[in-house]
Amino acid sequence: KSGGLVKMPDNKDGRAFGGAEHNFKNAEDNRKMRDTLFQAYGVTASDLESYNKVQTAYAELRDEHLAKIKGYGTAGVKFSEAMQRWAKDPDTLAMRDKTVRLYVNAQEQFLARYGDLDLKSVTEDIGKDFINYLADPNQYKSKRRQQLGSKTIKNKLGYVRAILEWAVRNNYIKSNEHGLSGLSTARRGRPPEERELYTDSQYLQLFSLQNKKPEELNYLGKKTVRFGLGKSKPYRPEMMLILQIIACTGMRLEEAGALQWKDIKEESVEPEGDEVTCFIDLTGEGKKLKGFKGQSKNAKRRVPIVDVLLPYIQAYQTNFEPVDPEAYLFAHFFRFNSDGKLSDEASDQVMPYIYEVRTHEKQFLDIHSMRHTFRFICNDEDTMEESMIDCLCGWEFVGMGKVYNTRSAYKLKKLSDAMNRLKLSFVTVVDKERLIKTSSNVGDT
């Protein structure tokens, strides 16, 4: 390393080779002697070639890094160039495709407004102007809203800020040259909307849609959809089942839509007894995707199937005889995207049913509202503990979760008994016979 005198070790035969001492004054001498040493100790030519390639690549990386450091205060990097390099960063490549698109859209928006600036020219004043631009209701007019939400503005600024943070990490600019750091978007844009819960009457209306005539439906059937919410969808009786599952379990749409028949299981209450508890097993891999980090610990859980829901699953299962355990329950409705997610397509298919029961077109009532409604239904049951609800829905525990794992905090039978005391009779208005043989492509995977 120092280029000084180096004592050579003996070879396998006990003889010193090449003389007792060698004086290395340059890298080439070092490399030749290292190759000689490797050969003396049995390193193959293939191993040696691989090692040399790694060393060469490391040297190039080191030189590039040193060039960046020396480049402080000299030739700058343009925003567009930084975008291209950021897109090839390993952390970026690990993101979901949809997430990367959100980043790129905001970055291109910034680029279009301010031009291809040098990264050092992205000042705090430009950042503040960008926030004002995003918050201006005249700049953004959607079909439902006149102004971007405060969270959206915060996210867009963060997507642009990611370029400068990347540049700091890679020594293209110094940390004090990061013009967007420390900017606040507080109280800018439209205040966040409060998600509403389903009322009993809305649930009864939702699960009674089968009794509606086509001309009575606004978002299902042949009528043209109003309010710019896309094309109308045909009413499908089987779609009621996924809504029933979410309403009776508090599951996420992504979880319910990705269910496979092998996830529907039963467990004996007693080793020698005949009583069993039916449940949905969400402990397998890929049942709840969260970004690119995989399934969260709390989302891995077992969810009992309440008595009022079980007959509908059994009726629907007759469409799949013989049952392929690997088949998806709703494969003929939803397709996975390039990120391995199906929530976007599932939402597009299911939301028209929700639109039918809203009190007005701007009511913030969606599929995820069913998950929160389930929690409030659980809260109405006096014997249902908060930590038990967390366990059922896959939320982070506030109490027992600090000590116990979500899957072992409560026995399945206790969870099942508690769930069967909930007031979920609204799902029984669905005619389960209509779930049988209602679609020619049921079961296609």
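Predicted model: local features only at pLDDT ≥ 70, side-chain atom pairs only at ≥ 80, totals over all residues.
The protein comprises 15 helices and 5 strands. Of its 445 residues, 42% are classed as buried. When contacts between residues at least 6 apart in sequence are considered, 65% of them join residues at least 24 apart.

Helix α5 covers residues 97-114, and its 18 residues should span 26 Å at 1.5 Å a residue. The C-alpha atoms at its ends are 26 Å apart, in agreement with that expectation. The buried residues of α5 are Tyr 103, Ala 106, Gln 107, Gln 109, Phe 110 and Tyr 114. Viewed down the axis of α5, these buried residues fall within an arc of 150°, and they therefore line one face of the helix. An α-helix has 3.6 residues a turn, so residues three or four places apart point the same way. The cover over the buried residues of α5 includes α3 (79-87), α6 (124-135) and α7 (150-169). Gly 115 follows α5 and has a positive phi, near 80°.

Three strands form an open sheet in the order β3-β4-β5, with antiparallel pairing. The edge positions are taken by β3 (264-268) and β5 (302-304); each has a single partner strand, so one side of each is left without a neighbour in the sheet. On average, neighbouring strands of this sheet are turned by 40° against each other, direction ignored. Strand β4 consists of residues 276-281 and pairs with β3 over 5 bridges in the antiparallel sense. Within this pairing, Ile 264 has Ile 280 of β4 as its bridge partner.

Two helices are described in relation to these strands. Helix α15 (residues 412-419) lies across β3, β4 and β5, and runs at about 40° to β5. Helix α11 spans residues 310-317, and its buried residues are Leu 310, Tyr 312, Ile 313, Ala 315 and Tyr 316. These buried residues of α11 pack against β4 and against α9 (239-249).

Conventions
Residues numbered from 1 in each chain as written. Heavy atoms only, no water. Helix = DSSP H or I, 4+ residues; strand = E, 2+ residues; numbered from the N terminus. Expected span 1.5 Å × (residues − 1). Buried < 20%, exposed > 50% of the residue type's maximum accessible area, 1.4 Å probe, protein only. Arc of directions from axis to C-beta. Contact = heavy atoms within 4.5 Å. Pairing = 2+ DSSP bridges. Axes fitted to C-alpha atoms, helices over the stretch in contact; angles between N-to-C directions.
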